[in-house]
Amino acid sequence: MEQRISLLTLGARNVSALAAFYDALGWQRVDTQDGVVAYDLIGQTLGLYPLEKLAEDMGVDVDSLGHGGATLGYNVREKEDVSRIMSLVATAGGKVLKPAADVFWGGHHGYFADPEGHIWEVAHNPFSPLGPKGEFCWNGFG
């Protein structure tokens with residue numbers, strides 16, 4: 001198995017409302033079908049899909065999906081961008097869980113939940129600058 005993530009799918013109780021949140025962040029949708037809303041990321045895609053249909057596709061009860069202890073990471077080029085993004089999130093209808101703050105390892109980050117409760121970390125990592133296309137390069141690897 002090659003080391004990559006191609007598609008991140010977020011199950012949504014209200015796809016239209018969740019899509020409106022990501023639209024308000026300035027994300028651009030790509031052509032979609034079958035009730036999926038998709039956003040092109042750098043080398044991956046974020047998909048929004050009805051939670052019931054996601055459970056049906058997996059063959060499990062929707063109540064078994066829940067929310068796990070996972071976060072989606074969004075890294076920024078400059079430390080100041082963390083606060084700017086967190087303000088945009090609050091304006092767009094997200095919930096700031098942890099405001100922008102310095103981190104013990106030398107970075108700067110904050111956490112938010114989108115309107116359906118999916119948790120994101122917005123971070124500036126001075127040890128892993130973003131590449132020319134905005135790609136994240138852990139410790140410069142990439």
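Mentor: Gladly! Let us start with Phe127, which counts as partly exposed at 48% relative accessibility. Please keep in mind that this is a predicted model.

Trainee: Why is Phe127 called partly exposed?

Mentor: Buried means under 20% and exposed means over 50%. The 48% of Phe127 lies in between, so Phe127 is partly exposed. Phe127 sits in the segment after β8.

Trainee: Which residue reaches Phe127 with its side chain?

Mentor: Asn125 does: its side chain reaches the backbone nitrogen of Phe127 at 2.8 Å.

Trainee: Is Asn125 buried or exposed, and how do you know?

Mentor: Asn125 has a relative accessible area of 11%. That is under 20%, so Asn125 is buried. Asn125 lies in the segment after β8 (119-124), and it touches Asn75 and Trp105, leaving aside residues up to four places away in sequence.

Trainee: Let us turn to aromatic rings. How many aromatic pairs are there in the whole structure?

Mentor: The search finds nine aromatic pairs. One of them is Tyr22 with Trp27, whose ring centres are 5.4 Å apart and whose planes meet at 45 degrees.

Trainee: What makes the pair of Trp27 and Tyr39 edge-to-face?

Mentor: The centres of Trp27 and Tyr39 are 5.9 Å apart, with 70 degrees between the planes. Since edge-to-face asks for over 60 degrees, 70 degrees qualifies. This pair links distant parts of the chain, 12 residues apart: Trp27 is in the loop between α1 (15-24) and β2 (29-30), while Tyr39 is in strand β3 (residues 37-40). At 1% relative accessibility, Tyr39 is buried. Ring pairs also join Phe21, Tyr22, Trp27, Tyr39, Phe112 and Trp120 into a cluster.

Trainee: How do you know that Lys79 and Asp102 form a salt bridge?

Mentor: Their closest N and O atoms are 3.0 Å apart. A salt bridge requires the atoms to be within 4 Å, so 3.0 Å meets the rule. The two residues are 23 apart, with Lys79 in helix α3 (residues 79-92) and Asp102 in strand β6 (residues 95-102). Lys79 is partly exposed at 36%, whereas Asp102 is exposed at 52%.

Trainee: Why does the pair of Arg84 and Asp81 count as a salt bridge?

Mentor: The closest N and O atoms of Arg84 and Asp81 are 3.7 Å apart, and that is within 4 Å, so the pair counts. Both lie in helix α3, three residues apart, about one turn of the helix. Arg84 is partly exposed at 49%, but Asp81 is buried at 19%.

Terms used:
Residues numbered from 1 in each chain as written. Predicted model: local features only at pLDDT ≥ 70, side-chain atom pairs only at ≥ 80, totals over all residues. Heavy atoms only, no water. Helix = DSSP H or I, 4+ residues; strand = E, 2+ residues; numbered from the N terminus. Buried < 20%, exposed > 50% of the residue type's maximum accessible area, 1.4 Å probe, protein only. Polar contact = N/O pair within 3.5 Å; in protein donor to acceptor, adjacent residues only side chain to side chain. Contact = heavy atoms within 4.5 Å. Phe/Tyr/Trp six-rings, centres within 6.5 Å; stacked < 30°, edge-to-face > 60°. Salt bridge = Lys/Arg side-chain N within 4 Å of Asp/Glu carboxyl O.
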